[in-house]
Amino acid sequence: MDAGELAGVASWTLPPNQVLRLARLAKLSGINGMVCSPDEVEALRDVVGPQAKLVIPGIRSATDSIGDQRRVATAAEAIQRERPI
């Protein structure tokens, strides 16, 4: 969701802040996996730890259409975001 969509459901925070808030709640609830965009991988990994499963539907090859995803990355970019060099 982008900021406009979040505001439409009465969330008054920016998308990255909402993602981290929900990740913390999920972790406290015992959830060990979540779906995220490639843009959120590094921040989520810091919150949920190395054992959590992160599913990233926005992975595309460099030549693929972005389809229904707004935030996409190649597999190599997503891996680098998870484990910055």
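Modeller: Buried means under 20% relative accessible area, exposed over 50%, partly exposed in between, with a 1.4 Å probe and protein chains only. This is a predicted model, where local features need pLDDT of at least 70, side-chain atom pairs count only at pLDDT 80 or more, and totals for chains, interfaces and linings use all residues. Residues are numbered from 1 along each chain as its sequence is written, and side-chain values use heavy atoms, leaving out hydrogens and water.

Biologist: What share of the protein chain is called buried?

Modeller: Of its 85 residues, 28% are buried.

Biologist: What makes up the secondary structure?

Modeller: There are 4 helices and 2 strands. Helices (H or I, at least four residues) and strands (E, at least two) are DSSP runs, numbered from the N terminus. Their order is α-α-β-α-β-α.

Biologist: What makes a set of residues a nonpolar core?

Modeller: The members are buried Ala, Val, Leu, Ile, Met, Phe, Trp, Tyr and Cys residues, joined through side-chain atoms within 4.5 Å. The largest such core here has 11 residues, including Leu-20, Met-34, Cys-36 and Leu-54. Helix H3 (41-48) and helix H2 (15-28) each give two or more. H3 supplies the largest share, 4 residues.

Biologist: Which residues of H3 are buried?

Modeller: Val-41, Leu-44, Arg-45, Val-47 and Val-48.

Biologist: How do you know that they lie on the same side of H3?

Modeller: The arc uses directions from the helix axis to the C-beta atoms. Theirs covers only 165°, so they sit on the same side of H3.

Biologist: What covers the buried residues of H3?

Modeller: The cover includes H2, strand S1 (33-35), strand S2 (53-55) and helix H4 (75-82).

Notes
Contact = heavy atoms within 4.5 Å.
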